[in-house]
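Please keep the structure open beside the text while reading.

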Amino acid sequence: MKGTEAHDSYEEKPDPEDHNAQVGPQKDTPPPSNDSGGPSGPNPPPSDTSRTPDEPPRIPMPRSSVEDTGLPLPEPTPAPLLLEHRVLKSLLGAWALAACSPEETTAVEDHLGTCGTCADEALRLRDAVGLLHPPESLDLDPTLRTRVLESCLGRRPPRIPVPEWATPYDAETARLDALLQDIGDAEWHAPVRLRWFDGDEQTSRRTTVAGVIAHLLTVDGLVALTLGLDDPLEAQTDTPTPAARTEAFWTTSHFPPTRSVRAPWREQAHNLVRTVAFAGGGSGRLPVSYGAFELPLRDSMLDRAFETWVHAGDIAEAVDYPYEPPSPRHLHAMIDLGARMLPTALAARRQAGLATPGQTRHLVPAGTPGRSLRLEIEGLGGGEWLIPLDSPGALPSPDHEVAHIALDGVEFCQLAAGHVPPEEAAAGQLGDREAIRDVLFAAASLSRM
């Protein structure tokens, strides 16, 4: 019969996907049914309408265990901590300090989403922790180098110590060199405007960061010449003033200054400090000529430290870099130099007809007490100085005090650098207005290119 032949052929070709199929005749087993209408048992399986009549039944392969693959077994998921409200509340302080375990942190944060009272308390504790740990600047403390050196020298004094009057220059050149090390190649060409006071007007000169270092190199060269070192300026100038030397360096350069100017400036600064250390404290009386005036070497080194700091601030402003003032001890020495130069600056302005007219009647002989102005410097490097008004050789006297000026230390330095106009100096003023004006303009006239 056709039905029997079809059934026999089905038994001789078992389904390869049926792992329970057996070849050969079956005993006491009803013949399997097929879609072609073969005999079936009393409870036939439901027909699958999605398969074609000739397609074998789809039986999935048995799954293999992860233990048989050789791969690491997954970590069991820990059960969440079930803590009472009082326990979770006691953990809020540790949670704010990030001192909880991962399980405790999860339990506390889940609880904060449902408990408003604990959420408010957690927010208050987190703010308190922020006050206990204020954010700190990533920049190094500008006094770190000085403190480390003082600690080292206190344990083992150097064989050849640097004179006290040369340490501000050593510190300020080191700080500027650290700033130059941090800037990129493109920032060496960032525009910088040098500012100073000429007569009764503020003037400026446009250059670059590299141009500022070239300016410091050439002016420091005046000190190098006094100490017998090489002059960095190859061209000769008729008037060896700082401005003339700088213009000559910029003019004779084949290309605009680049970061390559840092190496000769740094080497010259090291040679200056090393030479004054070998020369000893007596070398501080050597005269350093600036063309129009002279300064003893000890004051000239302070002057170079002051200008290094001022121009380092110009560079930092151009490249958007934070820069702090010098240490209070060094800033006090710079302010003292400016205060000691004020009487000479007043006399020069009086001779040029720039000082307040009609004051010649107050001139007194040298060594005689005369009118005085009290200069009070507040803040960093603060102190008080009595400035003789009538003559550089006159003796300042508190009995002849006619005016009083109060200024912040950094603001006085910015005034002396020509960065702040005298009319805009936020000074506390008391007494003779004409004397106050003369002193403020004389302080601004200390600036130069």
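In this predicted model, Cys115 is buried, having a relative accessible area of 14%. Cys118 counts as buried as well, at 1% relative accessibility. A disulfide is a covalent bond between the sulfur atoms of two cysteines, and here a pair of cysteine sulfurs is counted as one when the two atoms lie within 2.5 Å. The cysteine sulfur closest to that of Cys115 belongs to Cys118, and because the distance is 3.6 Å, it is too far for a bond. Cys118 is accordingly in no disulfide, and the count by this rule comes to 0 disulfides.

| Residue | Relative accessible area |
|---|---|
| Cys115 | 14% |
| Cys118 | 1% |
| Ala190 | 13% |

Setting aside residues up to four places away in sequence, Ala190 touches Thr207, Thr208, Val209, Ala318 and Val319. Although Ala190 and Ile315 are 125 residues apart in sequence, their C-alpha atoms are 8.5 Å apart in space.

In soluble globular proteins, nonpolar side chains tend to be buried together. The largest nonpolar core of this model has 83 residues, of which Leu176, Leu180, Val209, Ile213, Leu375, Ile405 and Leu407 touch the most other members. Helix H8 (residues 209–226) gives the largest share of this core, with 11 residues. Ile213, when neighbours within four places in sequence are left aside, is in contact with Leu176, Leu180, Trp188, Val261, Arg262, Trp265 and Ile315.

Which residues are closest to the centre of the second largest pocket? Among the 22 residues that line this pocket, they are Ala292, Phe293, Ser445, Leu446 and Ser447. The volume of the second largest pocket is about 660 Å³. Two or more lining residues come from each of strand S1 (191–198), helix H9 (242–252), strand S4 (294–296) and helix H12 (328–351), with H12 giving the largest share, 5 residues. Sorted by class, the lining of the second largest pocket consists of 13 nonpolar, 5 polar and 4 charged residues.

Methods
Residues are numbered from 1 along each chain as its sequence is written. This is a predicted model: local features need pLDDT of at least 70, side-chain atom pairs count only at pLDDT 80 or more; totals for chains, interfaces and linings use all residues. Side-chain values use heavy atoms; hydrogens and water are left out. Buried means under 20% relative accessible area, exposed over 50%, partly exposed in between (1.4 Å probe, protein chains only). On a 1 Å grid over the protein atoms alone, a cavity is a set of points where a 1.4 Å probe fits but cannot get out, and a pocket is an open set with protein on both sides within 12 Å along at least five of seven lines; lining residues have an atom within 4 Å of a point. Grid points are joined across faces, edges and corners, and a volume is the space filled by probe spheres set on the points. Helices (H or I, at least four residues) and strands (E, at least two) are DSSP runs, numbered from the N terminus. Ala, Val, Leu, Ile, Met, Phe, Trp, Tyr, Cys and Pro count as nonpolar, Asp, Glu, Lys and Arg as charged, and the others, Gly among them, as polar. Contact means heavy atoms within 4.5 Å. A nonpolar core is a set of buried Ala, Val, Leu, Ile, Met, Phe, Trp, Tyr and Cys residues joined through side-chain atoms within 4.5 Å.
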